[in-house]
Amino acid sequence: MGDITVVVTAATDGTVRVYEYREFVAELVEVIEVGSRNALDVALAALATGDDSHALVLATGNTDSCVHLYTRLAAAGSKFKKTLRLTGHEDWVTSLSFLSYGRSGPA
C-alpha cells in the first residue's frame, strides 16, 4: 500500500469529516458528530509512536469555547477516539495550530 494523505474538514452541520486520499482517489472514511457545538477549525498532527508507525492527533476548535482532542493510529481503517477536552477560553475557539519539536528544537 502506498502513502495515505488524511484530510479533515469541519462544517456548521455539526460534523467533522475525515477523508483518506491515496492513488488519486479520495474516500470519506469517518464522520465525527460534534452536535450543536460546531467545530470552527481543525488541526491535524502525526506523532511517531516509536515502532516505525504513527498516531494522528486531531484538534477541533468549537463553539462551546473548548478544544477537543481526538487520537487514532495512522493506519488505514483506524477511527478517531475522543481523548481530551481543553477548557479555558471565554468564547468560540476559531484557530488552532500544532508545533512539533524535539531535543534539537522546532522541526
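The questions and answers below concern a predicted model.

Biologist: How many helices and how many strands does the secondary structure of the chain come to?

Modeller: Read along the sequence, the predicted chain follows the pattern β-β-β-β-β-β-β-β-β. The secondary structure therefore comes, by the DSSP runs used here, to zero helices and nine strands.

Biologist: What is the radius of gyration of the chain, and what does the globule rule give for 107 residues?

Modeller: The C-alpha atoms fill a box of roughly 40 × 35 × 20 Å, taken along the principal axes. For 107 residues the globule rule gives 13 Å, and the radius of gyration of the chain is close to that value, so the chain is as compact as a globular protein of that length. The radius of gyration itself is 15 Å.

Biologist: What percentage of the residues of the chain count as buried?

Modeller: A residue counts as buried when its relative accessible area is under 20%. The accessible surface of the whole chain comes to about 6900 Å², of which 52% belongs to carbon and sulfur atoms. Of the 107 residues, the share that counts as buried is 33%.

Biologist: Which strands are the edge strands of the open sheet of three strands?

Modeller: This open sheet has the order β1-β2-β3, with antiparallel pairing. An edge strand here pairs on one side only, which is the case for β1 (5-11) and β3 (25-33). From one strand to the next, the twist averages 25°. The edge strands are thus β1 and β3.

Biologist: Which residue in β2 stands opposite V8?

Modeller: Strands of a sheet pair through backbone hydrogen bonds, either parallel or antiparallel. In this model β1 and β2 (residues 15-22) run antiparallel and are joined by seven bridges. Opposite V8, the residue that stands in β2 is V18.

Biologist: Is D3 buried or exposed?

Modeller: D3 is found in the segment before β1. Its relative accessible area is 73%, and because a residue counts as exposed over 50%, D3 is exposed.

Biologist: Which residues does D3 touch, not counting residues up to four places away in sequence?

Modeller: A touch requires heavy atoms within 4.5 Å. D3 and R22 lie 19 residues apart along the chain, and their C-alpha atoms are separated by 6.5 Å. Not counting residues up to four places away in sequence, D3 touches Y21 and R22.

Technical notes: Residues numbered from 1 in each chain as written. Predicted model: local features only at pLDDT ≥ 70, side-chain atom pairs only at ≥ 80, totals over all residues. Heavy atoms only, no water. Pairing = 2+ DSSP bridges. Helix = DSSP H or I, 4+ residues; strand = E, 2+ residues; numbered from the N terminus. Axes fitted to C-alpha atoms, helices over the stretch in contact; angles between N-to-C directions. Rg over C-alpha atoms; globule rule 2.2 N^0.38 Å. Buried < 20%, exposed > 50% of the residue type's maximum accessible area, 1.4 Å probe, protein only. Areas by Shrake-Rupley, 256 points an atom, 1.4 Å probe, with all protein chains shown as cover.
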